[in-house]
2 protein chains.
Amino acid sequence: MASLNFERTEYAKRLAAVKKRMTAEGMDVLVVTEPSNMNYLTGYDAYSFYVVQAVVVALDSELPIWTGRFMDAVSAHSTTYLPADHIIPYTDHYVQSTERHPMDFIGRMMAEKGWGKATIGVEMGAYYYTARSHAQLQKALPNARFEDAELLVNWVRIVKSEQELDYMRAAGATTDLMVEAAKNAARPDIRECDLASAIVAVQLKGTEKFGGMPSSGAPLISAGPRANEPHPAWNDKLLGNDIPINIEMAGVCRRYHCPISRTFYLGKPAQDYRDFADRVVAGTEAALGVVKPGTTCEEVEAAWRASLAKAGIEKEARLGYPTGIAYAPTWGERTASLRKGDKTVLEQGMVFHVMAGIWIGETGVTITQTFNTTATGYEALTKSPRELIVID
Amino acid sequence: MASLNFERTEYAKRLAAVKKRMTAEGMDVLVVTEPSNMNYLTGYDAYSFYVVQAVVVALDSELPIWTGRFMDAVSAHSTTYLPADHIIPYTDHYVQSTERHPMDFIGRMMAEKGWGKATIGVEMGAYYYTARSHAQLQKALPNARFEDAELLVNWVRIVKSEQELDYMRAAGATTDLMVEAAKNAARPDIRECDLASAIVAVQLKGTEKFGGMPSSGAPLISAGPRANEPHPAWNDKLLGNDIPINIEMAGVCRRYHCPISRTFYLGKPAQDYRDFADRVVAGTEAALGVVKPGTTCEEVEAAWRASLAKAGIEKEARLGYPTGIAYAPTWGERTASLRKGDKTVLEQGMVFHVMAGIWIGETGVTITQTFNTTATGYEALTKSPRELIVID
């Protein structure tokens with residue numbers, strides 16, 4: 001028996017929403033390759049996305065089809081609600097072969113299902129939908145018509161259900177424990193990697209109620225002279241004294257991520273650094289202050305921008321992104337952005353990470369908040385205070 | 001000053017080997033998008049591959065060009081040897097935009113460099129080279145000729161230098177500590193996620209000499225009724241009694257991975273399970289026994305196959321793959337495979353993970369070995385004994 005994280009009715013709702021969009025776009029069939037989208041529609045959860053796999057949704061088929069490598073079919077059986085005849089694996093000689101490509105098999109299977117002349121949506125810019133996958137699928141289905149369906153499923157994912165929010169709250173509880181773990185572990189005489197170890201040990205344990213999982217990427221630890229790097233790999237040097245450490249990380253529950261960034265300061269920060277941090281916090285508060293259904297993404301960013309402008313600070317990068325289910329390489333959903341020009345209107349159940357980070361010259365401060373949009377405002381999905389954390 | 005893991009001369013050698021292959025294939029320019037290949041050629045190391053980025057190698061330019069998101073340029077400065085004018089970032093409004101794509105920028109930059117009519121190699125099936133990236137790059141360079149260069153750099157990577165092997169030995173030392181950690185932590189009354197936490201805490205600490213890093217994927221923990229799943233996500237159930245646990249994991253040093261799988265048994269395994277494990281070990285020994293320069297990949301697999309056949313066991317999947325530098329989603333290099341039909345000839349310095357795993361019916365055993373090919377045979381890069389680990 002498969003172990004599912006949601007009621008069958010919830011999966012059915014998701015599928016119906018996707019089919020509605022497919023109909024609106026004139027697509028008969030949708031080939032879903034982004035792992036988070038595959039998980040969303042079927043529950044499929046395994047670290048098999050380094051080989052070609054897909055969930056195929058068709059208007060003329062009630063349930064989707066999972067297709068992938070034969071050895072991973074057993075995970076399709078154990079993590080999805082799909083009946084056995086909707087799990088259609090390819091044999092191992094398609095794997096990383098110079099002569100055969102899994103999309104040959106998948107295309108043939110689709111033709112056999114009667115979709116050889118269909119209008120087929122593919123996720124053109126999705127992770128793991130490579131240029132080769134696309135070329136081979138087109139070759140295998142010469143009479144089909146291909147349309148871009150990138151982000152079609154992602155846009156359905158942007159509004160979270162109550163059950164999804166519960167998992168995200170649980171993920172947030174783990175995130176808060178990770179902040180505590182960092183606070184307790186960070187000392188001048190330990191190495192960056194030792195700090196990472198202390199944080200991730202807590203991340204993977206999770207809480208008593210919900211065990212932890214790895215996030216789509218390991219924590220980002222930007223310490224000292226590298227506090228101005230947003231996405232560095234940590235090293236094995238001692239942290240040292242009188243340095244800021246920006247850490248971006250996420251607790252995870254049932255694949256749902258709840259990210260946070262905090263700046264920790266080892267030693268006594270100078271007053272101007274404290275002031276800098278206060279401005280980032282004030283900007284975040286200003287952004288959160290306008291969150292409610294009806295506000296647009298660009299209005300959230302404008303509130304942040306206006307707050308920062310008072311202190312003469314500008315930030316080029318976007319202020320944030322929606323988050324939820326994630327696999328490597330990112331916990332962003334790639335749909336809306338909190339930035340100028342984004343007219344996406346907030347609705348109840350939309351979850352964003354307000355990635356309030358400022359990197360200026362040699363240093364940076366990141367004090368962020370993942371929120372859910374409620375009927376009247378926002379719900380903070382992590383409870384860690386929004387402040388510079390000084391460890392002296 | 002950038003902090004490099006290798007001498008400049010070693011990077012120069014790698015680049016020369018890649019240019020030699022480009023020349024042989026008639027390519028003027030190569031757009032390298034696989035993160036491990038980018039790292040190999042320039043040292044670039046950051047968790048920024050969730051946005052479009054590339055290293056561009058051209059025959060008429062001594063040094064490659066790094067291009068990516070503006071905020072990650074600082075990591076290009078801190079982790080590569082590239083001079084400032086070879087680090088060419090795009091602004092943030094290209095990121096996950098519906099109107100602009102980073103490949104528009106990259107194509108334009110390439111045209112400005114005089115490569116608008118060049119023959120350009122692209123890594124068609126590489127991770128993170130999406131169908132959209134390819135379409136946009138073609139559009140941005142309408143007069144260029146595109147050729148497939150998938151695995152071109154990967155094939156150069158297959159033979160390791162002494163310095164690379166030193167890092168892989170160090171990674172192996174961490175791997176061995178992870179095996180010990182698993183042995184010490186695994187008990188019937190802890191959850192799968194707690195076991196994972198104990199293992200990863202050690203992975204990230206690494207050794208005193210070399211701090212640890214996260215592997216391209218978290219450890220795979222296949223416990224009890226899920227011991228027949230090769231790539232599962234762990235859960236938060238108690239391990240329980242009398243179960244096998246297959247764990248696949250890798251210590252990492254300077255981005256170099258040294259993987260291992262071991263089967264742990266909680267309780268007293270039945271004699272037929274022990275026999276099963278002995279056969280897997282015997283098969284591995286048989287495969288390792290024929291490793292030396294001159295042996296082909298299929299001969300290694302044939303030795304394993306013959307050993308298993310004596311016990312009436314067949315394995316469909318390939319027996320192994322080369323490993324080294326890795327980012328999500330895999331630590332396999334995707335070039336040679338230890339399998340029937342693969343005529344790749346082993347050379348000194350080639351490193352493979354003999355992924356000796358058998359999944360039969362409801363269970364599985366995985367007892368594997370990462371080896372380096374020496375002048376006369378093989379060097380085991382992890383020292384953990386090849387045996388079923390019984391925890392009673």
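I looked up Val122(B) and found it opposite Asp148(B) in strand S5(B). The model is predicted: local features need pLDDT of at least 70, side-chain atom pairs count only at pLDDT 80 or more, and totals for chains, interfaces and linings use all residues. Residues are numbered from 1 along each chain as its sequence is written, while chains are lettered from A and ligands numbered from 1 in the order in which they are written.

Strands of chain B. I noted that S4(B) pairs with S5 (residues 145-148) in the parallel sense, over four bridges. Pairing requires at least two bridges found by DSSP; strands (E, at least two residues) and helices (H or I, at least four) are DSSP runs numbered from the N terminus. Leu30(B) stands opposite Gly121(B) in S4(B).

Crossover. I traced S4(B), H5 (residues 131-140) of chain B and S5(B) as a right-handed β-α-β unit (clockwise from the first strand over the helix to the second, with the strands pointing away from the viewer).

Helices of chain A. I looked up H9 (residues 271-289) and H10 (residues 297-310) of chain A, which pack at about 150° with axes 7 Å apart. Axes are lines fitted to C-alpha atoms, for helices over the stretch in contact, and angles run from 0 to 180 degrees between N-to-C directions. H9(A) and H10(A) are therefore roughly antiparallel (angles over 145 degrees). Among the residues of H9(A) that meet H10(A) I listed Arg279(A) and Gly283(A); contact means C-beta atoms, placed from the backbone, within 7 Å.

Key:
Parallel < 35°, antiparallel > 145°, perpendicular 65-115°, else oblique. Contact = placed C-beta atoms within 7 Å.
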